[in-house]
Amino acid sequence: MEWTGCVAPAKKGSAMSPSAQDGVHPGSPPISRNGLHVAIIMDGNGRWAHARGKSRTFGHRAGAQAVRRTVKAAARQGVSVLSLHAFSADNWGRPREEVDTLLALFEKYLRVEMRRCLGNGIRLRVIGRRDRLPGSLQLEVARAEARSAGGTRMLLRIAVDYSARDAILAAARERREAGAGREDFAEALARVIHGGEARDVDLLIRTGGERRLSDFLLWESAYAELYFTDRAWPDFDGDDLAAALAWFRGRERRFGGLLKTPPPFETVAGKPLP
Ligand code: FPP
């Protein structure tokens, strides 16, 4: 698949259609195609805070620190695309105060961290819908994306107001008449979420002890290796990322093919056959 530059026109009226902002930096240089795409469902902020007798807001602030640590660690550890699930379309159902806290944290993150991203060759994209975000956040997103468009070391994608099922529906609407194959469809999907490029997820990490995908990158994770850790997101750091990557490198990925060295037939899950 080639870098698409996010410039193809969307079908009018699509809830997740690309905004005009996507045409601002159509010629961005490609991120390495050889590196890994790691996606993270950052879970456990609330429970982490509760265990310390603190508010959920306290947990989300600590979560923002973990985002900083993890972005830095990911760039150092050779990740080429990092997709973070920060706010799902279903999170609008949380109490207003919590939603406002999260949106304010994203805006601050974009404003403050952008300098660090620029210095480290990190290109930023916010994936998901834009039209329901506060105007000031929309502006910050546009500014951060335009300023970081030249970054080639790592593509950092932060999902805000994101739903994989809505994205698949929007891409399907866009591609309905074109009879698209998988690659075309993946590119349409990347476009409708403002994603920057169509790339399958290699490793999907979920913190916080739950073992589910929560409507995150469902199409792109078709052959992702799934890594679940009980570590709460605010405690996650570069060592945890390194552990997940080491586990990933030990996996034999078959993509529906056959094992190169199949296990002996007489054992299933380590137990002899009856
Ligand atoms: C899940 O924890 C986490 C979220 C819904 C929000 C993720 C947000 C951050 C990590 C904050 C900052 C992010 C950026 C990009 C600056 P939860 O609240 O559902 O935890 P719980 O399951 O323990 O209640």
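**Entry 1: the ligand**

I began with the ligand and found 20 residues surrounding it, the closest being Asn45, Gly46, Arg47, Gly63 and Tyr109. I then looked up which elements give two or more residues to this shell: they are helix H1 (45–50), helix H2 (56–76), strand S2 (79–88) and helix H3 (96–119). Sorted by class, the shell has eleven nonpolar, seven polar and two charged residues.

**Entry 2: confidence**

I noted that this is a predicted model. The mean pLDDT of the protein is 85, and 81% of the residues reach 70 or more. Over residues 1–24, however, pLDDT stays under 50, although the model has 54 contacts beyond four places in sequence for this stretch.

**Entry 3: the overall fold**

I recorded seven helices and eight strands in the protein. Of its 274 residues, 40% are buried.

**Entry 4: the core**

The largest nonpolar core has 60 residues, and those with the most contacts inside it are Leu82, Leu156, Ala159, Val160 and Leu189. Strand S4 (residues 154–162) provides the largest share of this core, namely seven residues.

**Entry 5: two residues with positive phi**

I examined His194, which is not a glycine but has a positive phi of about 65°. His194 lies in the loop between helix H6 (182–192) and strand S5 (203–206). Is His194 buried or exposed? His194 has 22 other C-beta atoms within 10 Å, so it is buried.

I then examined Ser214, also not a glycine, whose phi is positive at about 50°. Ser214 lies in the loop between S5 and strand S6 (225–228). With 15 other C-beta atoms within 10 Å, Ser214 is partly exposed.

**Entry 6: Glu252**

I located Glu252 in the loop between helix H7 (238–249) and strand S7 (267–268). Why does Glu252 count as exposed? Glu252 counts as exposed because it has 7 C-beta neighbours inside 10 Å, and the cut-off for an exposed residue is 12 or fewer. Finally, I looked up Glu252 together with Glu225: they are 27 residues apart along the chain, and their C-alpha atoms are separated by 9.8 Å.

Note on methods: Residues are numbered from 1 along each chain as its sequence is written. This is a predicted model: local features need pLDDT of at least 70, side-chain atom pairs count only at pLDDT 80 or more; totals for chains, interfaces and linings use all residues. A residue is near a molecule or strand if its C-beta atom, placed from the backbone, lies within 6 Å of it. Helices (H or I, at least four residues) and strands (E, at least two) are DSSP runs, numbered from the N terminus. Ala, Val, Leu, Ile, Met, Phe, Trp, Tyr, Cys and Pro count as nonpolar, Asp, Glu, Lys and Arg as charged, and the others, Gly among them, as polar. pLDDT is the predictor's confidence in each residue, from 0 to 100. Two residues are in contact if their C-beta atoms, placed from the backbone, lie within 7 Å. A nonpolar core is a set of buried Ala, Val, Leu, Ile, Met, Phe, Trp, Tyr and Cys residues joined through C-beta atoms within 7 Å. A residue is buried if 20 or more other C-beta atoms lie within 10 Å of its own, exposed if 12 or fewer, and partly exposed in between; C-beta atoms are placed from the backbone.
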